[in-house]
Amino acid sequence: MILKGFTALNNFLEKPRNIVVVGHRNPDGDAMGATLALKHYLDKKGHSATVVVPNEYPAFLHWLPGSETTYRFDWQNTQSQKAINASEIIFLLDFNALHRVGDDMQNTLEKYPNDFAMIDHHQQPDDVKYMYSDVTICSTCQMVYQFIEMNNDLDLIDAAIATCLYTGIMTDTGSFRFRATTSTTHRIIANLIDKGAQNDKIHNNVYDANSYNRLLLLGQALSNLQILPSYNTAYITLTSEEKKRFDFQKGDTEGIVNYALSLKGIILAAIFIEDSEQGIIKISFRSKGTFSVNKFARNHFNGGGHDNAAGGKSNISLAKTVTNFVSLLPQYQTVLETSYEN
Ligand code: 5GP
Ligand code: MN
């Protein structure tokens with residue numbers, strides 16, 4: 001755990017400040033939950049906080065309290081730049097390095113004259129002035145809760161903040177099942193329910209909001225699933241054409257990789273998704289046990305993340321990316337055979 005400049009940050013926040021809160025590109029439930037919860041909290045402390053996200057986030061997160069106040073950097077560039085220029089500090093939430101916001105926004109942030117405060121649970125964080133980094137914590141939302149707790153401000157958590165934090169903890173833990181989910185996580189979740197998070201509604205809003213086309217896309221993904229039994233590996237591919245056929249919307253592929261990991265005995269799962277807009281193959285990796293997909297993604301696919309959930313990208317074709325992936329597996333055969341002992 002790294003806690004850097006905490007007292008200095010609190011001193012800085014003694015006066016009402018103009019603040020921008022930023023999440024990573026392709027924001028997920030944890031990024032949106034954490035940025036919005038922190039915004040609500042800072043506003044309650046008398047500051048004026050604005051959430052700026054690099055690009056679009058899935059429709060199943062649009063209901064989050066305060067979602068309508070966020071700016072999208074790619075789409076509402078003038079308002080976003082204005083908010084950033086007017087801010088006295090920027091909070092960086094749920095990402096560890098400036099490049100994770102994407103090129104355009106990274107350029108803007110690199111020229112930012114004031115300080116950054118990072119709250120994040122990814123490995124190898126960039127060094128910024130104020131930091132709360134802990135790679136053992138399941139979600140940035142749990143860290144935002146603990147940041148509020150460190151400030152002795154748990155009383156300020158209202159239903160809106162509780163709802164945002166619950167959502168991020170729920171999505172980043174795969175509904176409280178991944179290894180980083182601890183008894184502390186469950187105690188925090190219990191407190192959030194007491195503070196007004198309606199757990200049944202949140203699960204419903206996030207997980208039971210499928211379109212018919214999304215289910216058809218999932219069906220396509222499952223029929224594309226390939227299993228490599230000798231490496232305890234399974235992977236899924238989706239082409240641009242398949243995405244188009246089922247009217248792909250942002251967020252539609254979220255979680256699909258977990259179906260590959262749900263196969264009995266599978267240690268390593270991947271999904272390769274063609275993104276013709278960006279001209280890349282976006283990859284998600286998931287693993288069980290000691291096989292670190294963070295290292296695997298860093299070493300081979302220009303990415304990173306956590307030990308058991310990471311992502312990356314490739315600039316070659318989908319077919320070549322898959323061939324490359326498969327060709328890497330023999331060097332990991334031993335760890336893929338022993339990674340997870342029941
Ligand atoms: P997902 O597969 O759900 O997109 O991401 C899983 C985890 O890996 C997340 O914590 C995410 O922040 C991280 N991640 C995903 N893609 C990338 C990437 O391209 N680079 C890095 N450094 N991390 C990524
Ligand atoms: Mn996260």
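A polar contact is a pair of N or O atoms within 3.5 Å; within protein, one must be able to donate a hydrogen and the other to accept it, and residues adjacent in sequence count only if both atoms are side-chain atoms. The model is predicted, so local features need pLDDT of at least 70 and side-chain atom pairs pLDDT 80 or more, while totals for chains, interfaces and linings use all residues. Residues are numbered from 1 along each chain as its sequence is written, and side-chain values use heavy atoms, without hydrogens and water.

**Exercise 1.** Determine which residues come nearest to ligand 1, and state the contact distance for histidine 122.

*Solution.* 
Step 1. Arg100, His122, Lys282, Ser284 and Arg286 come nearest, out of 14 residues around ligand 1 (near: a heavy atom within 4 Å).
Step 2. For histidine 122, a side-chain N or O atom is 2.7 Å from an oxygen atom of ligand 1.
Step 3. Arginine 100 places a polar side-chain atom 2.8 Å from a ligand oxygen, and for arginine 286 the distance is 2.8 Å.

**Exercise 2.** Identify the element that gives the most residues to the shell around ligand 1.

*Solution.* 
Step 1. Strands S11 (280-287), S12 (304-305) and S13 (309-314) each give two or more residues (strands: DSSP runs of E, at least two residues).
Step 2. S13 gives the most, with five residues.

Terms used:
Chains are lettered from A and ligands numbered from 1 in the order in which they are written. Helices (H or I, at least four residues) and strands (E, at least two) are DSSP runs, numbered from the N terminus.
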